[in-house]
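Subject: Structure handover

Hello,

Here is the structure you will be working with. Please open it first, then read the notes below it.

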Amino acid sequence: MKTSVSYQDSPGLSSGSTADRSARRIPWQRRYARWVLLADAAVIATVVFGTQVLWLGPRTVGVTSSTLDYSTVSVLTSTAWMLALALSGSRQERVIAYGVAEYRLVVAASLQVFGIVAIAAYLTTAELSRGYFLLSLPVGCLALVAGRALCRRMLARRRRTGEMGTHVVLIGSPEENARVAAELDRQPSAGLRVIGVHGLDRTPGRSSWSEEQSERLRRRLDDLDADGVLVSGSAVLDAHDIRRIGWSLDPGGRQLIVAVNLTDVAGPRLHTRPVAGLPLVHVETPRYSRAQQLSKRAFDVVGASALVLLLSPVFAVVALLVRASGPGPILYRQERVGQGGIPFGMLKFRSMVDGADSELQGLLQAQGRSESPLFKVERDPRITPVGRWLRRYSLDELPQLFNVIAGRMSLVGPRPQRDAEVAFYDDDARRRLIVRPGMSGLWQVSGRSSLTWEDAIRLDLFYVENWSLVGDIAILAKTFRAVLAPGDTAH
C-alpha cells in the first residue's frame, strides 16, 4: 500500500513565541487542577466555617460529651473533605473538565466524608449539632459542583482564545481529517486545537507507515510545538500503523489520541479492557432500570412541585398579561405525542391569537416547510406582542409543570411534537418516544431554535441513550441560564 503524505498547517498558527511554548510545556490539566484545588479549598472552608458561625455563633463552642470544640471539628472536616476529593480521583487528568463523571465523584466523596463523620460521632458519643451537620452537606455539595462548573466556564473562555488546550496534528485520510477538524473547530471549548494535518492517500502496493514517515512526523511536531497526534480514522491506517505512530512520539511527552468510530456514546458507557493483548472497547447498552425510573420520577415530582410554589407569583402576572393580550383562553392545550406514542394534552400560556392552529398549514405551505418534521414558522404573524416576549423567556412553557406532576412529561427530555410531525419520524427518530417528553432537553440548551432537524435528533438520541440524573441536573442548570439570558436563538 503506497501512501502519499501531505502537511497542511492551520492558517495563522505557528509554533508560537518562546513564552507561549514555555507555558504549554506544563500540561493544561495540571494548571487547571490547581484552579480546581483552590476553588475546592475556598468552597469547603467557606461552607464549613460559615455554617459553624451561622448555626452556632461567632464564639468557639464545645461539642457536647466531647473534649473537642467546633472549630477543631471544622478543621478536621475540611481536611477530610479535601482528602476525600483527592482520593476519589475527582481531580485526575482523565476526569476534570469532561462530562458529568467529575460531578459524580465530587458528590460521592462528599457523602463518604459525612458518613464517616456521622459514624465517628456515634462511636465516640460526641453529640454534634444536627443543624451544623445537616446544613454543611447539601450546601457544600451544591457549592462544590457550582465551583467546578465555574472553573469549566473559565476554562472554556480561555480555550476560545487558544489557551489551555491540546495542540494536535491530524493523521488520516483527507475526508476523515476534514470531518474531525470541522467538529473541533465548531467546539473550541473542547480544548483540542488542530495546528497541522498529515494527510494520507491510500494506494495498494506498499506498507502504509514507514520509519521515514515517523521521522518526518517527529520533525513536524517539533516545528509546530504540537502536544500530540490525533488519528482521525481507520480508513487508511490499521492497528500496526497506529502502533508505529505511537512509537514515534516522545514517551510521556506527547499524546496519541485515536478517534474511535463510536458516535453519540457517553463516556460512562465506554470501558477499555485488554483481552488477550487486544484493547477491546466495551460499550454498555442503555439501561432503564426500575431504580432509575423511580429516581427520575421522584426528581420530577419534587422539582416541579417546588417550582410551582416558587413561581406562583409569576403564574399570576403572566395570566393577567395573557388575558390583556386579546380574546381567547389564558391556557392553551395542544395534543402532543408522549412516551410510547401515547398522545396527551400539553399546557402552555397562550402566546398566539385565538384560533391560530387553523392558520398553521397555510403558513407552512407558504414558507415551503409543510414537508419538514419541524413545524416552525419564521416571523410567525400569529404571535401576539405579549406572546413574543413570553416565548423569548420561555414563560409560556410554565404550565407544563402540571403535566410533569401528572406524569405525562418530565422536567428534562426530548420535546414533545405534534402527531403530524411524528409522522415524519424514521426508525432512529422514533427512539425519542422511549422516554417521557421534557420541558427542556439537550436540544434546547445546545442551540434552541437555531439547530437543524438532524442536529436536534442527534442530541435527543444522545440523551435517550445516555440518560443520568446528574445529566438532568446539568441540563436544568443550563436551561435556567438560557432563560435568563436567551440570546438571539430564542424564538
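W28, Y32 and W35 form one aromatic cluster. Please keep in mind that this is a predicted model.

**Aromatic pairs**

Searching the whole structure gives 6 aromatic pairs. One of them joins W389 and Y393, with the ring centres 6.0 Å apart and an angle of 55° between the planes, and this pair is tilted. Are these two residues buried, exposed or partly exposed? W389 has a relative accessibility of 43%, so W389 counts as partly exposed. Y393 is also partly exposed, because its relative accessible area is 29%. For both, the reasoning is that buried means under 20% and exposed means over 50%.

In soluble globular proteins, nonpolar side chains tend to be buried together. The largest nonpolar core here has 27 residues, and the members that touch the most others are F349, L401, L411 and Y463. Several elements give two or more residues to this core, including helix 9 (290-310), strand 9 (343-349), helix 13 (400-405), strand 10 (410-412) and helix 16 (453-465). Which element gives the largest share of this core? That is helix 10, with 4 residues.

To look at one member in detail, take Y463. Setting aside neighbours within four places in sequence, Y463 is in contact with K296, V412, G413, P414, L442, D472 and I475. Another core, of 20 residues, lies apart from the largest one, and V48, V73, Y132 and F133 are among its members.

**Cavities**

How many cavities of 30 Å³ or more are there? The count is 2.

The largest cavity has a volume of about 70 Å³. It is lined by 13 residues, of which V337, R415, R432, L433 and P437 are the closest to its centre. By class, this lining has 8 nonpolar, 3 polar and 2 charged residues.

The second largest cavity holds about 50 Å³ of space. Its lining consists of V48, V73, T77, F114, V117, Y132, F133 and S136. Helix 3 (70-87), helix 4 (101-123) and helix 5 (130-160) are the elements that give two or more residues to the lining of this cavity. Helix 5 supplies the largest share, 3 residues. The lining of the second largest cavity divides into 6 nonpolar and 2 polar residues, with no charged ones.

Regards

Key. Residues numbered from 1 in each chain as written. Predicted model: local features only at pLDDT ≥ 70, side-chain atom pairs only at ≥ 80, totals over all residues. Heavy atoms only, no water. 1 Å grid on protein atoms, 1.4 Å probe; cavity = no way out; pocket = protein on both sides within 12 Å on 5 of 7 lines; lining within 4 Å. Points joined across faces, edges and corners; volume = space filled by probe spheres on them. Nonpolar A, V, L, I, M, F, W, Y, C, P; charged D, E, K, R; others polar. Core = buried A, V, L, I, M, F, W, Y, C linked by side-chain atoms within 4.5 Å. Buried < 20%, exposed > 50% of the residue type's maximum accessible area, 1.4 Å probe, protein only. Contact = heavy atoms within 4.5 Å. Phe/Tyr/Trp six-rings, centres within 6.5 Å; stacked < 30°, edge-to-face > 60°.
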